[in-house]
Amino acid sequence: MADLKDFAEQLVNLTVKEVNELADILKEEYGIEPAAAAVAIAGPAAGGGDAAEEQTEFDVILKAAGGSKLAVVKLVKELTGLGLKEAKGIVDSAPAPIKEGISKDEAEGLKKSLEEAGAEVELK
C-alpha cells in the first residue's frame, strides 16, 4: 500500500513536461492514448443526450508561439506559475494546454493576453 501512495505522490508532482513525456511513452511503448481514455471515461458520466447544455469548463490550448516567442514564454510562466524552463517547454511543444478546466471568463482572459503577446490560442 505504501508503494501505491508513493506512486500516486510522484504522479501528482509531475511537471507538465514530464506528463507530456509520460503520455508519449504510454502511447509509443504500450499503445495507450491517455487523452482517449479520459474521453472514454468522461463520456458515459455526462448523461448522454444533453448536447444542448452549455459548456462550463474550458481548456486554453497554445497552438503556436507566433513571432514573439520570448514574450509568450514569459507570459505562460506568469499565468501558470511554472518555472521558466517548464514554461519554455510548453511553448516549444505547442500545441500544448496552458490551463485546463477553467471558467469561460478566465479562459477568454488568458486567450486575450496570449494573443496580445503574439501567440495563437484555441479554447476547447
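The chain has 6 helices and 3 strands, where helices (H or I, at least four residues) and strands (E, at least two) are DSSP runs numbered from the N terminus. This is a predicted model, in which local features need pLDDT of at least 70 and side-chain atom pairs count only at pLDDT 80 or more, while totals for chains, interfaces and linings use all residues. Residues are numbered from 1 along each chain as its sequence is written, and side-chain values use heavy atoms, with hydrogens and water left out.

Of the 124 residues, 18% count as buried, meaning under 20% relative accessible area with a 1.4 Å probe and protein chains only.

Now to the core. The largest nonpolar core has 21 residues, and V60, V72, V76, V91, I98 and L114 are those with the most contacts inside it. Such a core is a set of buried Ala, Val, Leu, Ile, Met, Phe, Trp, Tyr and Cys residues joined through side-chain atoms within 4.5 Å. Two or more residues each come from strand 1 (58-64), helix 4 (69-80), helix 5 (84-92), strand 2 (96-102) and helix 6 (104-116). Helix 4 gives the largest share, 5 residues.

Next, the helix pairs. Axes are lines fitted to C-alpha atoms, for helices over the stretch in contact, and angles run from 0 to 180 degrees between N-to-C directions.

| Pair | Angle | Axis distance |
|---|---|---|
| Helix 4 and helix 6 | about 155° | 9 Å |
| Helix 4 and helix 5 | about 120° | 8 Å |

Helix 4 is therefore oblique to helix 5, whereas helix 4 and helix 6 are roughly antiparallel. Here angles under 35 degrees count as roughly parallel, over 145 as roughly antiparallel, 65 to 115 as roughly perpendicular and the rest as oblique.

From helix 4, V72, L75, V76 and L79 touch L110, S113 and L114 of helix 6. By class, that contact has 6 nonpolar, 1 polar and no charged residues. Ala, Val, Leu, Ile, Met, Phe, Trp, Tyr, Cys and Pro count as nonpolar, Asp, Glu, Lys and Arg as charged, and the others, Gly among them, as polar.

Against helix 5, helix 4 uses K69, V72, V73, V76 and K77, which meet L84, A87, K88, I90, V91 and D92. This contact has 7 nonpolar, no polar and 4 charged residues.

How values were computed: Buried means under 20% relative accessible area, exposed over 50%, partly exposed in between (1.4 Å probe, protein chains only). Contact means heavy atoms within 4.5 Å.
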